[in-house]
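Please look over the sequence and structure shown here. A short report comes after them.

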Amino acid sequence: MTTIRRFSCNDLLRFASVNLDHLTETFNMSFYMTYLARWPDYFHVADGPGNKVMGYIMGKVEGQGESWHGHVTAVTVAAEYRRQQLAKKLMNLLEEISDKIDKAYFVDLFVRASNTPAIKMYEKLGYVIYRRVLRYYSGEEDGLDMRKALSRDVEKKSIIPLKRPITPDELEYD
Amino acid sequence: MASKFGLAGGIPERRVRPIWDAIDSRQFKNALKHSTSLLAKCPNSPYALALKSLILERMGKSDEALSVCLNAKDLLYKNESLLMDDLTLSTLQIVFQRLDRLDLATGCYEYACSKFPSNLDLMMGLFNCYVREYSFVKQQQTAIKMYKLVGEERFLLWAVCSIQLQVFCGNGGEKLAMLAEGLLKKHVASHSLHEPEALIVYISILEQQARCGDALEILSGKLGSLLIIEVDKLRIQGRLLARSGDYATGADIYEKILELCPDDWECFLHYLGCLLEDGSSWSNGVHNDPINPQKSVDCKVSQLPDEVFHSRISTSLAFVKKLQADTSDDFIRCPYLAILEIERRKQLHGKGNDDDIVEALMLYFLKFGHLASFSSDVEAFLQVLSPDKKTEFLAKLMKTLDSPATVPTKALGQSITIFKIQELTGNLYKLPVLELESCAVQMVKMYCKSLPLSKDLDPQESMHGEELLSMVCNVLVQLFWRTRHLGYFIEAIMVLEFGLTIRRYIWQYKILLLHLYSHLGVISLAYEWYKSLDMKNILMETVSHHILPQMLASPLWGDLNNLLKDYLKFMDDHFRESADLTFLAYRHRNYSKVIEFVQFKERLQRSNQYLVARVETSVLQLKQKADNIEEEEDVLKSLNSGVHFVELSNEIGSKTLTFNEDFHSRPWWTPTTEKNYLLGPFEGLSYCPKENLTKEREENVRRVVEKKSLLPRMIYLSIHSASASLKESVEENGSKSGSKISSELKFLLEHHAKMLGYSLSDAVEVVMGVSSGVKSFEAFGSDEIDWINFAVFLNAWNLNSHEPLQPDRDQCGRGIWHVVDTLLVKYISEKIKSMESLVCSPRVDLPILVQLVTEPLAWHGLVIQSCVRSSLPSGKKKKKGGSMDQHSSLVLNGVRDSIQSLCDILKEVAKWIRGQIDRPEDESVENILSSLRKKEQDEGPGRVFHVLESLIPSINEAEHGGRICQELKTWSALDVARKIVTGDSTLLSQFLNICESKIKSFQALKQQIAPI
């Protein structure tokens, strides 16, 4: 039961039950508002009956040439609404916007190498591990850069895995 | 900071590059060195000076930075041959902004734009300045100039947004919307529109003028193709149709959306609204209160004739059934819950019956009863059932347990749901104590049984059945409320601590524990759990209500200071940076976000919690320094002697406050910060909904802020009144400043008395009555601290007053020391006596005791310190006459007695605290644990705990998995009991430190005053 709509500032006052989860980061205001100011189409919230926040997704579109891509910055679902494929719906929406509106080549995301449940979920959604980013998380844990090709990347070139891991300073974007 | 032709602000880039690099790497000293040598070469370059001021500001040298910056500005104005380049201006702007002088930055850009009226970069800079100043009219004028200059769509939209801001956030009238529409219309006719956001703004301007028909026409025309995602367009169409009263077409549109998004609940409500010709769902204000939205749509009773109503209901049912048939996805709930909404509407129309709702609920349960969200999905529908029907529904649910689902996780989910429904309907708490206890046992057994289901889960994932322990806690607290048996309370703590041993991330348990420890009086442990929740940034606004009120009345001043400081920093940072983010939205042409950002900033600025935190931060500083009058005076000086706060107190009545706290996660026994059912007797309250108490809260907050913001000024005046009384007695009688202080203090006392519901003379009567024992303490109600504060300030005023307090007695100018002393001593000793040891009952009086000592007693101490300082025969305070006059000696006698009685009562408090701290730890631990040691079949607390404890020996890796086994090995109830005792000692030690510091300060005063 999901009304997915654009995220608005007032939703920041409603998402506590989602963000109290230890894996969901609560960023500073300028982070959220920069996303809202620049990529409002990539920031959506799912409402349930009784106007409860079920979860949300935030992302952006960036890059040049064949690196023009959608990026998932955060996707999270409240405990009460897990195991209902809500994350999948939110991801599909972001992919659709990257594909149809912005004509991006692929969508990517970063995930902690130890977060097996999340990696499995992304794999089910069609993402592949493109490369490993050494000590991406606070200089400690490795991150995995996962990608899914969109219709514009006909030959699926964007998702051919890199053979060697990279370091964070080799990343093209923040 | 790249520039054209290798020049930056008229200086070759290679010369400024080292400065930029040093600033970027925060090597400010180095940057300053480079800047000095650059200035040696270009002493009159505004850009070189601007850079220097930037460095100085970063180094914290604000005054110097401002002076250099002003110098740069003057040079820029004078030297007309130089370029008015944007780089220099933006550098100056940054510095002025950081120095809180936005006006100067704006001035620079205004000047530059007047010199170069067709420079677009400069005009954008000027527009940005106005955005920072929230000068909507000037924004509009500047944007129009830019639009006229280059004819770009974006500048027109900047102007239109600025107009909308005048309507929404300023004083602009409706006519302005017409102006905005006119501008857009003209532009569309000649250039059309190219951005989807521009179209959205155009439509919203028409909607504001209730011109939905015109908006629809535009949407269905060529411009409509700007919205690429079909559903987005349909949603706007549906809304416009409904708002224009064309419900039939609206319903068709919503059907289309539901076919594309069959799980869209909000859309279904709109669809039903259209069919039943009820526009409430478009104007029910849901979005006006984002934190406490209504659980169900506040719909009107349909005015449709019966046969039309029936036919529309049949249409909706048929459509919903079709949706059900068309969707194969097991997770789509909307078409099923829709049946319940339809039944609810029928009932509202007087055509439904409870049986149909119960049947629909059962069907929904059979399909989705295993989901964690089931109970919140149906909460609104349960509310329309009569109590009997609720019971009937529950009985039917229970029956399903005879044939549980085959998949174990599903069966578990269903059982949990049934418990939750029992909780939600209130039926659970109607059970007799013994049955309620058994229910908790059943829940905890189910939890133990479900553990193996989670054996392969990642520790980061939530486990199956986690909610059970929260429910067990709820039941145990209910049992404690009913029986007052502390064992249940301790048991609730143990259950949650046990759950957190198995998986340490469960925030729901942490919040419950935080409140349990708060109520128990061990706020130090509550704060530990709060910290573990890592509540930061915007969560501080929405969730810190869990801990802030308790901390305000605690002796944990360091922690409280951090809490307040972090919160205020977050809010102030946002207020500072919000305008820049708004400009970012302008630049990226996301015009709807522009309005949203400005409105959101205003919402946070009006936050009640922000106001409270500002006042409380000052009060905390005053409390912390109260033992040393000189330090206290420094604090008062930094608070402008409390003048601003008096202004705040006067204005609070007319301020619109916002309430952004999210109360959903609060436990049932304390649904808001103002309520704690456990403090009162058992009310037979079976279900405690988290009522929307905003109205009541608003009044309460206003009252608190109004009273508290008078404190700094009253303390300031009291100190001066006390010293004036002694000075005046040796100088001329009634100096000018003395009488001014006296009249202001009297005015504030009258105000204070009024807030307590009395006139000044009646309030004096009450205080005298309670002090002499004629009236009981109950006369103070729950405002005891305010009353005693009043008595303290009354005494201070009376010292320097020539008016008698009570008409029949002459107490002019001597104070009413004994009255204040008696009140403090009586009240404090009463509180000490009432508090048993922690292991007997929660220490609910501890916060009051802490407040008594750290507020009225501390303020009274300041009055004493002021008297002593003024009477000391040394330095400036040296008396002219040398010998003590009668007035002074009477006052000083009062002071001496006061010091003695305050010292004595503080020693009593310290003695009580030591008694608690020095109790053998093992004994206290044993007492806590003994309340739980019961066999399962016994009545009373301990049965649930027994189930958990007996689980431990049966745990094995094969069944429960290695991780759970490993975690459970670390479980120890003894450790938890010890943690409670240690936490209690930590808290009391802090309080003891406060008391001892006060005792020391009073003893020093006693010595100082002895020779006089």
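## The contact between chains A and B

This is a predicted model. Chain A puts 44 residues into the contact, and chain B puts in 51 residues. On chain A, five elements each supply at least two residues to the side that touches chain B: helix H1 (16-19), helix H2 (29-38), strand E2 (43-48), helix H3 (86-101) and helix H4 (116-124). H2(A) gives the most, with 7 residues.

What is the make-up of the side of chain A that touches chain B? Its residues divide into 18 nonpolar, 18 polar and 8 charged.

## Strand E2 of chain A

E2(A) is among the elements that supply the side of chain A that touches chain B. Is this strand enclosed or open? 6 of the 6 residues of E2(A) are buried, so the strand is largely enclosed by the rest of the structure. Both of its faces are covered. Phe43(A), Val45(A) and Asp47(A) are buried on one side. His44(A), Ala46(A) and Gly48(A) are buried on the other.

E2(A) also pairs with two strands of chain A. Strand E1 (residues 3-6) runs antiparallel to E2(A), and 4 bridges join them. Within this pairing, Arg6(A) has His44(A) as its bridge partner in E2(A). Strand E3 (residues 52-62) is also antiparallel to E2(A), joined to it by 6 bridges. Here Ala46(A) has Gly55(A) as its bridge partner in E3(A). E2(A) and E3(A) form a hairpin with 3 residues between them. In the turn, Gly50(A) has a positive phi of about 75 degrees.

## The domains of chain B

Chain B is divided into two parts: domain 1 (1-116) and domain 2 (355-629). How far apart do the C-alpha centres of these domains lie? The distance between the centres of domain 1 and domain 2 of chain B is 52 Å.

## His574 of chain B

His574(B) sits in helix H29 (residues 557-587) of chain B. Is His574(B) buried or exposed? A residue counts as buried if 20 or more other C-beta atoms lie within 10 Å of its own. His574(B) has 21 other C-beta atoms within 10 Å, so it is buried.

Which residues does His574(B) contact, leaving aside its neighbours within four places in sequence? They are Met29(A) and Leu604(B). Another residue, Ile538(B), is 36 residues from His574(B) in sequence. In space, His574(B) and Ile538(B) are 9.7 Å apart, C-alpha to C-alpha.

Key:
Residues numbered from 1 in each chain as written. Chains lettered and ligands numbered in written order. Predicted model: local features only at pLDDT ≥ 70, side-chain atom pairs only at ≥ 80, totals over all residues. Contact = placed C-beta atoms within 7 Å. Nonpolar A, V, L, I, M, F, W, Y, C, P; charged D, E, K, R; others polar. Domains from an automatic or database assignment. Buried ≥ 20, exposed ≤ 12 C-beta atoms within 10 Å, placed from the backbone. Pairing = 2+ DSSP bridges.
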